[in-house]
Amino acid sequence: MKKVTYRNQFSKVLGVSLLIGLLFSTSLFSQDETASAGDAAKGKSLFNQNCAACHALNKKMTGPALANVEASIEEEGLNREWIYAWVKNSSGVIASGDAYANKLYNEYNKAAMTAFPTLSNADIDNILAYTAAPPPAPPIQAVNAPAAGASSQSGGLSNEIVLGALVLVFGLLVMMLFMVNKTLTRIAEANGIVVEKDNAKKRTPIWKAFAKNQFLVLVSVIFLLLGGAYFVYGFLMQVGVDQGYAPVQPIHYSHKVHAGDNKIECKYCHSSARVSKTSGIPSLNVCMNCHKSISEYTGNPEGPSQEDLANGYTNEFYTGEIKKLYKAVGWDEENQNYTGESKPVEWVRIHNLPDFAYFNHSQHVSVAGIECQTCHGPVEEMEIMQQFSPLTMGWCINCHRETNVKVEGNEYYDKIHAELSKKYGVESLTAAQMGGLECGKCHY
């Protein structure tokens with residue numbers, strides 16, 4: 001039989017070639033799969049920038065919930081290419097007569113989706129990876145919240161123990177002094193020593209001596225009258241002054257969260273302060289401009305502070321207050337529409353000037369350029385809104401005496417400013433020098 005010399009070598013070369021080819025194709029496949037899978041971290045950022053205004057992951061908003069949206073699309077017999085076309089130009093897909101596109105359009109009240117032609121396919125892949133990712137685990141801070149409360153309670157308990165021990169020691173000392181006094185008295189009596197108690201010469205009581213001295217009586221009466229008048233005057237001057245008044249509202253509204261954390265301008269909600277005498281109470285429609293899309297409070301990335309947890313201001317608490325808003329305006333969160341069953345919210349007024357005092361918000365905000373915090377304090381730090389300033393006549397007059405009038409760019413003040421500046425010999429005029437102390441300016 002003839003021997004084949006290179007048969008085994010040929011088989012080895014062929015096997016190695018097949019193995020390399022298999023590994024190379026697997027590598028290409030895995031790279032292609034990775035490319036199509038997308039980056040969930042980048043997708044979260046893109047989702048928050050472009051999609052979060054109208055979409056959430058696990059509930060309906062202006063548009064459908066987007067958790068595992070690609071799997072839902074595949075159930076309709078569509079693929080990722082359809083998603084690319086829909087995101088970049090939804091109107092075009094609807095106009096083409098696509099059945100599923102028209103179904104979505106009609107189901108969501110024919111709300112046109114914003115086109116995103118600048119998003120690349122890779123960007124959309126990243127967003128799809130984020131929508132397919134499992135939900136994040138709850139923050140550790142919320143889990144450890146009871147422990148924090150327990151530690152504060154234990155700290156309070158130790159203080160009580162220390163105070164109780166001090167009271168006990170003080171009581172023992174008093175008891176020991178009483179026993180020592182009693183023992184010494186018995187020793188003295190045993191040795192024949194008489195302790196004189198009632199043998200002391202009787203003296204005139206102090207009150208009788210005081211009553212006989214007419215000068216002391218007169219001075220005391222004068223001091224009593226002056227002191228009484230001082231306290232009565234102080235009491236009467238506080239009538240109608242509600243500084244620090246912070247009533248509980250039917251829906252908890254945190255200026256700290258809205259004006260502080262989210263940097264919402266005061267005049268966005270209190271828009272009439274620019275053009276009207278009053279700042280006005282924002283209508284609930286203004287609240288729904290944002291809360292139509294914000295149905296739950298997620299808080300700061302670092303979680304609630306220990307102070308907030310101690311006061312009960314958790315994410316769940318704020319979310320519950322948003323639900324009260326929905327109930328008041330009659331908003332159906334599931335179907336994303338108004339039911340028509342609304343009811344007024346009975347807000348409790350905080351700042352209330354007397355009827356005889358005239359104050360115009362637009363004159364101070366728009367003309368004078370006074371910041372809201374000048375009168376209302378650091379509202380961006382207030383969890384519960386309170387009256388920061390006393391709002392008394394004296395407080396207003398001091399402000400008029402210290403605040404210069406803004407005359408730049410206002411031709412109305414040119415002539416009067418020149419004349420009054422010459423009269424008072426100053427370059428800048430205060431509101432008081434411009435007539436801000438005249439009674440008729442603030443009182444009808």
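K327 counts as exposed, at 58% relative accessibility (exposed means over 50% relative accessible area, buried under 20%, and partly exposed in between, with a 1.4 Å probe and protein chains only). This lysine is found in helix α16, residues 315-329 (helices are DSSP runs of H or I with at least four residues, strands are runs of E with at least two, and both are numbered from the N terminus). Leaving out residues up to four places away in sequence, K327 touches E341 and K343 (contact means heavy atoms within 4.5 Å). With E341, K327 is 14 residues apart along the chain, and the two C-alpha atoms are separated by 8.3 Å.

A word on the model: it is a predicted one, so local features need pLDDT of at least 70 and side-chain atom pairs count only at pLDDT 80 or more, while totals for chains, interfaces and linings use all residues. Residues are numbered from 1 along each chain as its sequence is written, and side-chain values use heavy atoms, with hydrogens and water left out.

Now for the whole chain. The protein has 22 helices and two strands. Of its 444 residues, 23% count as buried. Among contacts in the protein with a separation of 6 or more, residues 24 or more positions apart account for 66%.

Helix packing comes next. Two packed helices are described by the angle between their axes and the distance between the axes. Helix α2 (residues 40-50) packs against helix α7 (residues 121-132) at an angle of about 100°, and their axes are 7 Å apart (axes are lines fitted to C-alpha atoms, for helices over the stretch in contact, and angles run from 0 to 180 degrees between N-to-C directions). That angle makes α2 roughly perpendicular to α7 (under 35 degrees counts as roughly parallel, over 145 as roughly antiparallel, 65 to 115 as roughly perpendicular, and the rest as oblique). On the α2 side, the contact is made by A40, K42, G43, K44, L46 and F47, and on the α7 side by D123, N126, I127, A129 and Y130. Sorted by class, the contact of α2 with α7 has six nonpolar, two polar and three charged residues (Ala, Val, Leu, Ile, Met, Phe, Trp, Tyr, Cys and Pro count as nonpolar, Asp, Glu, Lys and Arg as charged, and the others, Gly among them, as polar).

Apart from its neighbours within four places in sequence, I127 is in contact with G43, L46, F47, C51 and L119.

From α4, the contact draws on R80, I83, Y84, V87 and K88, and from α7 on N121, I124, D125 and L128. These residues divide into five nonpolar, one polar and three charged.

Over in helix α12 (residues 255-261) sits H255, which counts as buried at 17% relative accessibility. Setting aside neighbours within four places in sequence, H255 is in contact with G260, V379, E380, M382, E383 and M385.

On to the backbone. Most residues other than glycine have a negative phi. N68 has a positive phi of about 55° although it is not a glycine. N68 is found in the loop between α2 and α3 (69-75) and counts as partly exposed, at 42% relative accessibility. For K263, phi is also positive, near 55°, again in a residue other than glycine. K263 has its place in the loop between α12 and α13 (266-269) and counts as exposed, at 67% relative accessibility.

Finally, the cysteines. The structure holds zero disulfides (a disulfide is a pair of cysteine sulfur atoms within 2.5 Å). For C287, the closest cysteine sulfur is in C269, 6.7 Å from its own and too far for a bond. C287 counts as partly exposed, at 23% relative accessibility. For C375, the closest cysteine sulfur belongs to C399 and is 6.2 Å away, again too far for a bond.
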